[in-house]
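Work through the exercises below with the sequence and the structure side by side. Try each task before you read its solution.

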Amino acid sequence: MLGVKHSHARPVLEAGHPLAGKIIYIPVMADGLSEVVASVFRWMGIEACVTPPSNKRTLELGGKFTSGDECYPAKITVGDFLRAVEAPGFDPKRAVFLLPTTDGPCRFGQYVPFLKRILREIGLEDIPILSPTDNNGYSDFGVGATRFVRTAWRAVVASDVLRRALLKTRPYETTPGAADTAFRESMDDLCGSIESACASAACQLRALVDSLTRARERFRNVPARYEMQFPLIGVVGEIFCRLNTFSNEDLIRRLEKHGAEIALSHVSEWVSYSNEVQAQRLRLNRRLFSLEMLGEKVRSHYQHHDERALLAPFKEDFEGYEEPAMREVHKLAEPYLPSRGVIGEMLVSVGTVAYLAGRGADGVIDISPFTCMNGIVSEAIYPKLSQDLGGIPIRSFYFDGTQSDLDRDLEIYLELARSYRERKPYPRRYPSYFKQQCLQ
């Protein structure tokens, strides 16, 4: 779909391409994610922008077209697209909405037909929706393993790296706002590096690694005092709600203000899971030696290669913060949710909770939309999982846009986490710089 001509310079969009002259509108999910995806489109010569930040108007517009049966992320995503429609200068003849989808058990698979119906109702049915799917590892972004697919993966991983650096730094900063400044400057640097990168895969990767190396220095220069008494709280759950600060009422910052450090499941986790599901489908359908399986193997090989290269600048900084391979997550979840009989975020959440507990986390929080099937199934399993893992406190929080006394609930939960911390059977491995500061 995204055919381009390539040289060592930046890609050039082919004449007559269906996206030529269009503007891709990208909804907000994680901090910085939509911006880097927009940068990838611009690198391809396609104009792209991010929908306006979510606010009360988002909920007003989303609520106007939803009945309450839809999950909360649908309400926010629809509201944000409609806010873009309201924005001055919006041209429906040039607009394209980006909205990935899935064919699993989640209601997310209904977002695209739902949005199309709403656009028909308001007379904008001609706005196309670019909708890659996890059914094939999101390879609909291009024909085969195109440069766009690879660059998009690199952008996702790099933005995850910056978010991880932010979360491991911000709770310990001694100058309020310094870590956020380092994050924003690094994200701007990354977006600029993506947009100006050459088409050569090796050249592009060097530019992104250089950008992350500069980011590492920014974060290392944040004035901070690392202390071991901060409980480490893992955050899993539905991908949109756990990453979108508007939908979860900024729960991560609230936890940090109560004296906790957060280990968050990031975006690349879901891409890796989608690849694993695709490979599993092919194995179950006895297509182990098919062209599709070969394509999956090649894509996974290059994705792992790029991920290792992009993580390399932060190797020392992420000591003790290593994240699991998706096959390990599946293996850890197997006693509770067999991977051959279950698909979806519930499998990833349960396996990740087990991984975090084994790495010395002091508690885990599951963030999900109200009535989310994945969240409900996971919550039903967590008591048994907690029992098997030494009693680690696991708490599910559901969000639907209504007000709640979230801070009170978090204070109570963190007391449980601190109590567990004194008796937990799995020690946490701290980075060397942690130990050095604590000995001073």
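**Exercise 1.** Which residues does isoleucine 127 touch, not counting residues up to four places away in sequence?

*Solution.* Keep in mind that this model is predicted.
- Step 1: Find the residue. Isoleucine 127 sits in the loop between α4 (111–121) and β6 (129–130).
- Step 2: List the partners. Isoleucine 127 touches Phe90, Pro92, Ala95, Val96, Phe97 and Leu119.
- Step 3: In sequence, isoleucine 127 and phenylalanine 97 are 30 residues apart. In space, their C-alpha atoms are 7.4 Å apart.

**Exercise 2.** Is isoleucine 127 buried or exposed?

*Solution.* 
- Step 1: Recall the cut-off. Buried means under 20% relative accessible area.
- Step 2: Apply the cut-off. Isoleucine 127 counts as buried because its relative accessibility is 5%.
- Step 3: In soluble globular proteins, nonpolar side chains tend to be buried together.

**Exercise 3.** Which members of the largest nonpolar core touch the most other members?

*Solution.* 
- Step 1: Note the size. The largest nonpolar core has 110 residues.
- Step 2: Name the members. Ile24, Val36, Phe41, Leu251 and Ile365 touch the most others.
- Step 3: Look at one member. Beyond its neighbours within four places in sequence, valine 36 is in contact with Ala155, Ser159, Met187, Leu190, Cys191 and Ile194.

**Exercise 4.** Which residues lie closest to the centre of the largest pocket?

*Solution.* 
- Step 1: Start with the volume. The largest pocket holds about 1200 Å³ of space.
- Step 2: Go to the centre. Of the 49 lining residues, Arg164, Glu307, Glu323, Pro324 and Ala325 are closest to it.
- Step 3: Find the elements. Those that give two or more residues to the lining include α5 (147–169), β8 (261–264) and α10 (267–284). The largest share, nine residues, comes from α11.
- Step 4: Sort the lining by type. It divides into 21 nonpolar, eleven polar and 17 charged residues.

**Exercise 5.** Where does asparagine 374 lie, and is asparagine 374 buried or exposed?

*Solution.* 
- Step 1: Asparagine 374 belongs to helix α14 (residues 373–388).
- Step 2: Check the accessibility. The value is 5%, so asparagine 374 counts as buried.
- Step 3: A polar atom of the asparagine 374 side chain lies 3.1 Å from the backbone nitrogen of methionine 346.

How values were computed:
Residues are numbered from 1 along each chain as its sequence is written. This is a predicted model: local features need pLDDT of at least 70, side-chain atom pairs count only at pLDDT 80 or more; totals for chains, interfaces and linings use all residues. Side-chain values use heavy atoms; hydrogens and water are left out. On a 1 Å grid over the protein atoms alone, a cavity is a set of points where a 1.4 Å probe fits but cannot get out, and a pocket is an open set with protein on both sides within 12 Å along at least five of seven lines; lining residues have an atom within 4 Å of a point. Grid points are joined across faces, edges and corners, and a volume is the space filled by probe spheres set on the points. Helices (H or I, at least four residues) and strands (E, at least two) are DSSP runs, numbered from the N terminus. Ala, Val, Leu, Ile, Met, Phe, Trp, Tyr, Cys and Pro count as nonpolar, Asp, Glu, Lys and Arg as charged, and the others, Gly among them, as polar. Buried means under 20% relative accessible area, exposed over 50%, partly exposed in between (1.4 Å probe, protein chains only). Contact means heavy atoms within 4.5 Å. A nonpolar core is a set of buried Ala, Val, Leu, Ile, Met, Phe, Trp, Tyr and Cys residues joined through side-chain atoms within 4.5 Å. A polar contact is a pair of N or O atoms within 3.5 Å; within protein, one must be able to donate a hydrogen and the other to accept it, and residues adjacent in sequence count only if both atoms are side-chain atoms.
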